[in-house]
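Here are my notes after going through the file you sent.

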Amino acid sequence: MLNSKLLVIKIGSNVLTQENGLPDLIRMEELVNQIHRLIKSGKKVVLVSSGAVAFGRQAIPLSKKLNPVFKKQIWSSTGQVRLINQYQNLFEKHGQEVAQILVTKEDFRDRKHFLNMKNCIQALLSQGILPIINENDTVTITELMFTDNDELASLAAAMINADSLLLLTNVDGIFTGNPSDPSSKLIEKVSSTLPEVSKYISATKSSFGRGGMLTKYAMAKKSANLGIQVIIANGKKDGVLDEFASQKLRCTWFEPKRAKQGVKKWLAHGTEYYKGELIVNEGAKNSLHSEVIRSLLPIGITQVIGEFSKGDILVIKDEKGGKIGLGRAEYSSKLALERIGQKNQKALIHYDYLYIFDYD
């Protein structure tokens with residue numbers, strides 16, 4: 001486990017929720033105390049916290065007949081106020097200022113908006129203020145929801161160039177079987193040189209969260225490939241963050257690869273945000289996969305699908321439909337269609353704004 005200077009901590013719904021679905025205030029206070037100790041030790045922390053629905057459920061009883069979407073909107077919007085107030089009260093005991101940031105997936109699509117968020121978070125950190133991020137469930141429609149807060153935390157870590165991402169759940173990490181089975185063993189290290197471990201993971205979702213361990217694994221692998229060390233650990237365990245700080249934590253650790261550039265980190269999470277598709281020939285595919293970094297030129301493009309503008313994210317596919325990577329358009333789909341297959345044309349995707357998927 002590597003030392004951390006800038007880290008994102010994600011606290012899952014199951015960590016902050018009791019078995020009866022109500023908030024676990026004792027656990028919340030203990031985690032706040034530990035986060036404060038991390039900050040006092042010189043680390044910069046960004047907190048991604050679930051739990052709004054639990055606080056809303058506690059305060060406002062609703063009829064079982066009410067539309068489930070309406071119930072979630074009511075509980076999340078009222079609960080978010082109570083959640084952030086609880087954090088503020090707990091951190092205030094330590095003299096720690098906090099800030100609330102509510103986001104949607106749309107906020108990460110546009111590069112300028114993305115950078116505005118990044119600048120806001122960095123400004124808060126520079127003043128010693130703890131940013132607390134959550135999804136704005138009130139206005140988010142199903143198609144544009146984050147898979148869960150693991151995805152949001154992964155995006156936030158990439159956005160601010162964090163060196164570490166801690167995903168706190170209600171188990172110690174990824175096991176070789178069901179965590180409740182005594183014969184299951186904790187997988188303590190996930191390396192790019194090791195065999196795929198997703199086969200061990202149950203697809204079962206957690207009691208109160210939207211995602212499960214498969215989501216955590218996918219986001220952890222993506223973050224590690226971008227150069228961020230990831231830890232999946234048990235947030236219900238006493239002293240979990242203190243043990244992280246002393247590097248004695250029982251957890252699953254994802255070994256980070258060499259850090260990617262900031263813009264590559266933005267693109268890496270654009271799989272669901274792209275506005276258009278580019279089909280390239282075998283020559284262009286080989287060129288993009290070569291060790292020499294190259295831009296994508298119109299001569300290697302055989303098909304342009306969808307309408308897009310300059311600055312939009314595009315997905316690049318081979319002629320069999322396999323995804324090669326993602327990139328930012330240098331000009332519109334109208335110009336791209338006019339230049340398709342032609343020599344001596346400006347690159348549609350410049351290599352500075354090109355992310356090739358890592359399949360190893």
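1. Let me start with a charged pair: Lys-216 and Asp-150 join their side chains in a salt bridge, with N and O 3.2 Å apart. Lys-216 belongs to helix 7 (residues 213–225) and Asp-150 to helix 6, so this contact ties together parts that are 66 residues apart in sequence. Both Lys-216 and Asp-150 are buried. Bear in mind that this is a predicted model.

2. Asp-150 has another partner, Lys-10, and here the closest N and O atoms are 3.1 Å apart. This one links distant parts of the chain, from helix 6 to strand 1 (residues 6–11), with Asp-150 and Lys-10 140 residues apart. The relative accessible area is 0% for Asp-150, and Lys-10 is buried as well, at 4%.

3. Another pair to look at is Asp-172 with Arg-250, whose closest N and O atoms are 2.9 Å apart. Both sit in loops: Asp-172 between strand 5 (164–169) and strand 6 (189–190), Arg-250 between helix 8 (240–245) and strand 8 (252–254), 78 residues apart. Asp-172 counts as buried because its relative accessibility is 16%, under the 20% limit. Arg-250, at 38%, counts as partly exposed.

4. What is the lining made of by class?

5. The largest pocket has a volume of about 670 Å³. Of the 22 residues lining this pocket, Arg-258, Lys-260, Lys-264, Ile-293 and Ile-356 lie nearest its centre. Helix 10 (282–289) and strand 13 (354–356) each supply at least two lining residues, and strand 13 gives the most, with 3. By class, the pocket lining has 10 nonpolar, 3 polar and 9 charged residues.

6. Last, the surface: Val-69, Phe-70 and Ile-74 make a nonpolar patch of about 250 Å². Ile-74 lies in helix 4 (residues 68–92) and, at 31% relative accessibility, counts as partly exposed.

Definitions and conventions
Residues numbered from 1 in each chain as written. Predicted model: local features only at pLDDT ≥ 70, side-chain atom pairs only at ≥ 80, totals over all residues. Heavy atoms only, no water. 1 Å grid on protein atoms, 1.4 Å probe; cavity = no way out; pocket = protein on both sides within 12 Å on 5 of 7 lines; lining within 4 Å. Points joined across faces, edges and corners; volume = space filled by probe spheres on them. Helix = DSSP H or I, 4+ residues; strand = E, 2+ residues; numbered from the N terminus. Nonpolar A, V, L, I, M, F, W, Y, C, P; charged D, E, K, R; others polar. Patch = residues over 30% accessible without salt bridge, like charges linked within 9 Å, V, L, I, M, F, W, Y side chains within 5 Å. Areas by Shrake-Rupley, 256 points an atom, 1.4 Å probe, with all protein chains shown as cover. Salt bridge = Lys/Arg side-chain N within 4 Å of Asp/Glu carboxyl O. Buried < 20%, exposed > 50% of the residue type's maximum accessible area, 1.4 Å probe, protein only.
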